[in-house]
Protein chains: 2
Amino acid sequence: MANCTIILDAMGGDHAPDVIVYGARQALARRRDLKLIFVGDSNRLKPLLEKAELSPANYKIVHTDQVVSMDEVPRAALQYKPRASVLLAAELLARDQGDVMLSAGNTGATILACSQKIERLPGVERSALAAVLPSMRQRPQDPGKTMMLDVGATLHCTSNQLVSFAIMGTHYFREVLGFTQPRVGLLNIGEEDTKGHQILVETNARLRRLGGIQFVGNVEGKDIMRGLAEVVVTEGYVGNIVLKSMEGLAENAIEMIRKIWQHSVFYKLGLLLLSPAIKRIKRRVDYTEYGGAPILGFKKLIFKAHGRSNEKAIGNAILVSASAVEHDLVGKISQAVEESLLPLTK
Amino acid sequence: MANCTIILDAMGGDHAPDVIVYGARQALARRRDLKLIFVGDSNRLKPLLEKAELSPANYKIVHTDQVVSMDEVPRAALQYKPRASVLLAAELLARDQGDVMLSAGNTGATILACSQKIERLPGVERSALAAVLPSMRQRPQDPGKTMMLDVGATLHCTSNQLVSFAIMGTHYFREVLGFTQPRVGLLNIGEEDTKGHQILVETNARLRRLGGIQFVGNVEGKDIMRGLAEVVVTEGYVGNIVLKSMEGLAENAIEMIRKIWQHSVFYKLGLLLLSPAIKRIKRRVDYTEYGGAPILGFKKLIFKAHGRSNEKAIGNAILVSASAVEHDLVGKISQAVEESLLPLTK
C-alpha cells in the first residue's frame with residue numbers, strides 16, 4: 001500500500017498552528033511512514049516545523065495567508081476568503097493530492113468547504129458530522145462508545161438521509177472502531193415505532209426492513225449514554241443541541257467539583273484519595289482520546305477535530321484518520337449504500 | 001382568600017396511592033388550611049387516609065376504579081377508560097371543584113386529559129410542559145434554576161406558540177419561583193439571530209420586539225445549565241430529548257460513582273469524606289425539591305410530578321401548587337398574553 005497522505009488545515013482551531021505541528025510530531029513518532037501536507041501560513045509554519053524537528057521527508061507546506069476564524073459566519077467567510085486554508089485543503093483532497101483531510105477549525109466552514117469542493121457518494125444526499133461519546137457497557141463485549149450522527153452538518157433530514165446515516169455510522173464502527181456488530185438506534189421521544197413526526201415513523205419502518213445493519217428501534221435521550229445502541233441516528237438540529245447540552249452538564253459537574261475542592265481540607269483529602277478513579281473517568285470521557293469526528297457522506301474522508309484540541313488530540317486524530325484510510329472506510333460505505341440504500345430508493 | 005383546593009390524581013405514579021396520601025400529610029403539616037380532593041379507588045384510599053391520620057375536614061374522596069398506568073398509550077387509554085382518575089380530576093378542575101390539579105401519573109395522559117377537559121387561555125394555541133433544572137449562578141442574585149419549556153406537550157411549535165411559552169415561563173418564574181427578572185433564551189444551534197430553521201429565526205425576531213420579558217437571544221445546549229437564561233424556550237420534541245439526554249448522563253455519572261465505591265477501601269474513604277458535599281449536590285439536583293413541573297397554557301393550573309415521586313416530592317408539589325394558585329399565576333399569564341401576544345397576532 002502506498003504511503004498515506006494526510007492534508008492538515010494547519011491554521012484551524014484555537015491553538016493553531018502550534019498544536020497542529022506538535023500533534024503531527026506525536027503522530028509521526030508512532031507512524032514514520034505518514035506523509036503530511038500542512039496548508040497554512042508558511043512564514044509561521046516553517047520555523048515551527050524546524051523547531052519541532054520534523055523530517056522534511058514527511059511533509060510539505062501549501063502556503064496561504066487566509067484563514068477562517070472560529071467565530072466567523074461560514075458562508076460569508078468562504079466567499080470573501082477564496083484561499084482560506086480550509087478551502088485549499090478541501091481542494092487538494094478533491095484533486096487527490098492526499099487521502100484524508102483533518103481540520104480543527106470552524107466546523108461550519110469545514111463542512112461547507114467540503115460540500116463545495118468534494119462530491120458526495122452516490123445515494124448519499126447529505127453529509128453527517130458524527131460525535132463519539134463514552135457509554136456504559138451493558139454486556140462485556142460492548143465497546144463502551146456510542147456514535148451520534150448527525151450533530152450539525154444537516155439540520156433537517158429526510159428519511160432517506162437518516163437511513164444513509166445509519167449505514168455510514170455502522171461502517172465507521174466496523175472499520176475504524178473495530179466493533180463488528182454495532183446496534184443502530186433512532187433518537188426519538190419514545191420507544192414505540194409510531195412515536196415522533198412522520199419522517200421518524202417512516203425512517204423507523206425503513207430501518208426495520210434494511211439489511212446489513214442491526215437496528216434496535218427507537219432510543220430515547222436517556223439511552224444515548226446507556227449503551228443500548230452504538231450508532232444513534234438523528235437530524236443535525238437535535239443532535240447538535242443534545243451534544244452541547246451534555247457538554248454543558250459535564251462542565252457544570254466539573255465546576256461543582258472545583259468548588260468542593262476549595263471548600264475544606266477534608267474534601268481535598270477525599271478528592272485526592274479518589275484521584276486515580278477521577279483520572280480514569282476523565283480519560284474515558286476525554287475527547288482528545290477519540291481522535292476527532294468524521295464527516296461522512298463524501299467520496300473522500302474528512303475528519304474534524306475539536307476546536308480546543310491540544311497536540312495529543314491532534315496526534316490521535318491524525319492516527320485515526322490514517323487508519324480510516326487504510327481500512328478503506330469510504331469504499332466500504334460506498335458499497336453498502338449501493339447495495340442497500342440505492343435499490344430502495346429506485 | 002378562600003381556602004385553596006387541590007385535586008389529586010391519587011392513582012397516578014409509580015408509588016400511588018401510598019405516596020400521594022403520605023405526601024399530602026407532609027403538605028398538611030405545613031399548611032393546615034389546604035383542602036384536598038383525592039380522585040381514585042376509595043377502597044384503597046380510605047384505609048390509607050385513616051392510617052395516615054388525615055383529618056376528614058381536610059379532604060374528600062371522589063371514587064373511581066379506573067386508572068391509566070405509566071406505560072399505556074395515552075389516547076387509547078383515555079378512550080377506553082372514561083372514568084380514569086386523571087380524566088375525572090381534569091373534569092373536576094374544569095367544573096371549578098378545585099383550584100389546581102396535581103398528577104404523578106402518565107405524562108402524556110395527563111396532558112391529553114387536560115386538553116380534552118380544560119380550555120386554553122385566549123391567545124395560547126398549545127400547552128407547554130415545563131421542567132425546572134438546577135443551573136450555575138453567574139451573578140450572586142441568580143436563582144440557580146432554569147426552566148425549560150416545552151419538554152413534551154407540543155412536539156412542533158409555530159413561532160406564536162414559542163412566544164407564548166416565553167411569556168408563560170417568565171410569569172412562572174416571577175410568581176412561583178419569586179425571581180422578578182428572569183432572562184429568556186431561545187434554544188438553538190448557535191447564538192446568532194439568524195441561526196436555525198425559519199420558525200426559530202422568526203421567533204427570535206418576535207421575542208426581540210416583545211415587551212414585558214427580558215430576551216437574551218439564542219442560547220445553545222451548553223448554556224442550559226450555565227445559568228445564562230432562567231427560561232429556555234424550545235419545541236417539545238427537542239426539549240424532551242435534551243431533558244432525557246441530561247438525565248441519562250447524570251445516571252451514567254451516578255453509576256460510575258457506584259462502581260468506584262466497590263473498587264477499593266481508599267475510594268470508599270474518599271467518598272465518605274466527600275459525602276456532605278455529595279449530599280449538597282444531590283439536594284440541588286434532586287427533582288423532589290422542585291415540586292413538580294407546571295403544564296402551562298390552560299385556564300386552570302395543572303402540575304405534573306415525576307412518576308417516581310416519593311412522599312417528599314408529592315408534599316412539595318402540593319405546596320408549590322397552592323402557592324401558584326395564591327399568586328394567581330393563571331391570571332397573570334392570561335393578562336400578559338392579552339397585553340403582549342394578542343395584539344401582535346391581530
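Helices (H or I, at least four residues) and strands (E, at least two) are DSSP runs, numbered from the N terminus. This is a predicted model, in which local features need pLDDT of at least 70, side-chain atom pairs count only at pLDDT 80 or more, and totals for chains, interfaces and linings use all residues. Residues are numbered from 1 along each chain as its sequence is written, chains are lettered from A and ligands numbered from 1 in the order in which they are written, and side-chain values use heavy atoms, with hydrogens and water left out.

**A residue in a loop**

Look for A:E53 in the loop that joins helix 2 (42-51) to strand 3 (59-63) of chain A. Is A:E53 buried or exposed? A:E53 is exposed, because its relative accessible area is 70% (exposed means over 50%, buried under 20% and partly exposed in between, with a 1.4 Å probe and protein chains only). From C-alpha to C-alpha, A:E53 lies 8.2 Å from A:R25, while 28 residues separate the two in sequence.

**Chain A as a whole**

Chain A contains eleven helices and eleven strands. Its C-alpha trace spans about 65 × 60 × 40 Å along the principal axes. Of the 346 residues in chain A, 58% count as buried. Among contacts in chain A with a separation of 6 or more, 72% join residues 24 or more positions apart (contact means heavy atoms within 4.5 Å).

**Helix pairs in chain B**

Two packed helices are described by the angle between their axes and the distance between the axes. Axes are lines fitted to C-alpha atoms, for helices over the stretch in contact, and angles run from 0 to 180 degrees between N-to-C directions.

| Helix pair in chain B | Axes come within | Crossing angle |
|---|---|---|
| helix 1 (residues 18-30) and helix 10 (residues 311-326) | 7 Å | roughly 50 degrees |
| helix 4 (residues 85-94) and helix 5 (residues 107-117) | 9 Å | roughly 40 degrees |

Helix 4 of chain B and helix 5 of chain B are therefore oblique to each other (under 35 degrees counts as roughly parallel, over 145 as roughly antiparallel, 65 to 115 as roughly perpendicular and the rest as oblique). Residues making this contact include B:V86 and B:L87 of helix 4 of chain B and B:A109 and B:T110 of helix 5 of chain B.
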